[in-house]
Structures are given as C-alpha cells and as structure tokens.
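Colleague: I am new to this structure and would be grateful for a close look at one part of it, the aromatic rings and the nonpolar residues around them. Please set the description out as one connected account.

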Amino acid sequence: MIGGNLLVRWIVAGAACVGLSIFATEPAMSADAQMQMQANAPAAASATPGQVPGQQMPGHQNPGGHPGGGKGAPGIINDPNYQLGAGDRVRVIVYGQPDLTGEFQVNGTGEIAFPLIGNVDAGGLSATQLESQIASKLQPDYLRDPRVSVEIMTYRPFYIVGEVNNPGNYAYTNGMTVINAVAMAGGFTYRAKEEDFYITRAGDPSSAQQDAQQQTKVHPGDVITVRERWF
C-alpha cells in the first residue's frame with residue numbers, strides 16, 4: 001500500500017514537471033504580435049461565416065466603391081435639366097400600375113406613345129417635366145393622384161461627318177470629347193484638319209456651327225464636322 005502511494009506521487013510529480021517544461025519552452029508573443037492580434041479581432045468578429053477577415057464577399061459592395069444611384073442612365077449625364085429629344089429612350093414607372101410601366105422611345109416628332117393617353121409630347125422636356133406631363137394626362141379620368149417616375153435609359157446618338165474614315169452616327173458615351181468621337185469613327189483621313197472642328201449643338205434652335213477643339217465635350221445629338229485642310 002505504501003509502495004502504491006509512492007508510485008502515484010511519483011507519476012503526479014513527473015506530469016507537473018512536464019507541464020512546466022512545455023510552458024517554459026513556449027515562445028513569448030512579442031508586443032507587435034499582440035497589437036496585430038488585437039487589431040484583427042474586430043474584423044474576425046464581424047466577418048460573415050466562411051469569409052476571410054477583410055475579404056469582400058461576392059454580392060457585397062464597399063461603400064463608395066462604385067458610383068451609382070440617382071435618376072438617369074448610369075454613368076452618362078447627371079443633368080436634371082437635360083432636354084429629351086428624338087432617339088432618347090426613357091423608362092416610365094407609374095406606381096401600382098404595372099400595365100402603364102415600361103420603356104418608350106422618343107420618336108422623330110418628339111413624342112412617346114403611352115398606353116391609355118396616347119401620344120405625349122416629350123421633346124424639349126426634362127425627365128421631371130415629362131413626369132408632370134404624364135401625370136396630368138392620367139388624372140382624373142384614369143387615375144387618382146398618380147405617382148409617375150421617368151428615368152432616361154439611353155441617349156440619342158451623336159453624328160460625325162467630314163474627314164473621318166467612317167462618318168455616321170454613334171452611341172453616346174459618358175464624358176466623351178471630339179477626339180473620342182473621331183476615334184470611334186475610324187480616325188482622320190489624310191485630308192483632315194486635326195486641330196479645329198465645327199460642332200452643332202442638338203439643343204441650339206439656330207443650328208449654328210460652333211468652333212471646337214479636340215477636347216471639346218460632346219452631347220447627345222450633336223453633329224461634329226471634321227474640317228478639310230487646304231495644304
């Protein structure tokens with residue numbers, strides 16, 4: 001019995017020594033490592049299951065990572081006073097009325113063909129003004145206090161003529177300049193005057209040609225003329 005007790009004490013003492021040895025040999029964590037661990041703790045706590053801390057999950061977007069929101073075609077013109085014209089395509093939403101909601105193109109006479117109320121004048125109006133125009137025609141005969149929203153989906157093309165390889169009309173691109181338009185039209189011909197151009201603004205009732213340079217901004221419906229050099 002006494003020998004058994006001695007054996008148990010010897011085993012317990014040996015286990016304690018091994019534990020102390022392991023604890024003593026474990027490397028101490030540096031101050032920098034401790035700070036890094038504390039810094040990563042909030043990210044790890046807020047991570048979605050299956051997500052590496054700091055990694056962006058598919059379908060999630062960092063705030064401010066992509067411009068968006070607001071009325072109008074994405075990434076094109078953010079001008080609430082933009083005047084609609086032939087070739088512009090709009091989406092009209094009448095809240096609570098799916099049969100009256102859809103996309104419509106402004107035709108050559110500046111109108112859109114709308115259900116129930118027929119042709120609606122849109123040319124020369126802003127999106128906000130078109131909302132009011134449609135709402136006024138829907139009430140009171142068809143709807144009581146209709147709520148209407150208009151978004152511009154695509155803009156009318158611009159035109160480029162003169163000394164370019166492929167004159168014609170092209171889809172408008174956000175922030176484009178005259179030199180961008182020339183590139184889309186296949187570049188200059190050998191006769192082109194490459195520094196001076198004419199541009200006719202779509203919203204100018206006089207349709208007067210204005211002098212333009214390579215970095216002049218182009219608007220939907222504008223007509224660019226690439227001039228010919230004489231020597």
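Modeller: A residue is called buried if its relative accessible area is under 20%. The model is predicted, and by that cut-off F104 is buried, as is F114.

These two residues form one of the five aromatic pairs in the structure. Their ring centres lie 5.1 Å apart and their planes meet at 40 degrees, so the pair is tilted. The pair joins distant parts of the chain, since F104 belongs to strand 2 (residues 102-105) and F114 to strand 3 (residues 111-114), 10 residues apart. A second pair is made by F188 and F197, with centres 6.1 Å apart and planes at 25 degrees; this pair is therefore stacked. F197 has a relative accessible area of 0%, so this residue is buried. Another ring, that of Y95, has the charged end of R147 over it, 4.7 Å from the ring centre.

In soluble globular proteins, nonpolar side chains tend to be buried together. The largest nonpolar core here has 23 residues, and those touching the most other members are V92, I112, F114, L130 and I134. Two or more residues each come from strand 1 (89-94), strand 3, helix 3 (127-138) and strand 5 (148-154). Helix 3 contributes the most, with five residues. The surroundings of V92 show how these parts meet: leaving aside neighbours within four places in sequence, V92 is in contact with L100, T101, G102, F104, F114, I134, V148, S149 and V150.

Five strands form an open sheet in the order 7-6-10-8-9, with mixed pairing. Strand 7 (168-170) and strand 9 (209-212) stand at its edges; each has a single partner strand, so one side of each is left without a neighbour in the sheet. On average, and with direction ignored, neighbouring strands of this sheet are turned by 30 degrees against each other. Within the sheet, strand 6 (residues 158-162) pairs with strand 10 (residues 223-228) in the parallel sense over four bridges, and G162 stands opposite V226 in strand 10.

Definitions and conventions:
Residues are numbered from 1 along each chain as its sequence is written. This is a predicted model: local features need pLDDT of at least 70, side-chain atom pairs count only at pLDDT 80 or more; totals for chains, interfaces and linings use all residues. Side-chain values use heavy atoms; hydrogens and water are left out. Rings of Phe, Tyr and Trp (its six-membered ring) pair if their centres lie within 6.5 Å; planes under 30 degrees apart count as stacked, over 60 as edge-to-face and the rest as tilted. Buried means under 20% relative accessible area, exposed over 50%, partly exposed in between (1.4 Å probe, protein chains only). A charge sits over a ring if NZ of Lys or CZ of Arg is within 6 Å of the ring centre and within 35 degrees of the ring normal. Two strands pair if DSSP finds at least two bridges between them. Axes are lines fitted to C-alpha atoms, for helices over the stretch in contact, and angles run from 0 to 180 degrees between N-to-C directions. A nonpolar core is a set of buried Ala, Val, Leu, Ile, Met, Phe, Trp, Tyr and Cys residues joined through side-chain atoms within 4.5 Å. Contact means heavy atoms within 4.5 Å.
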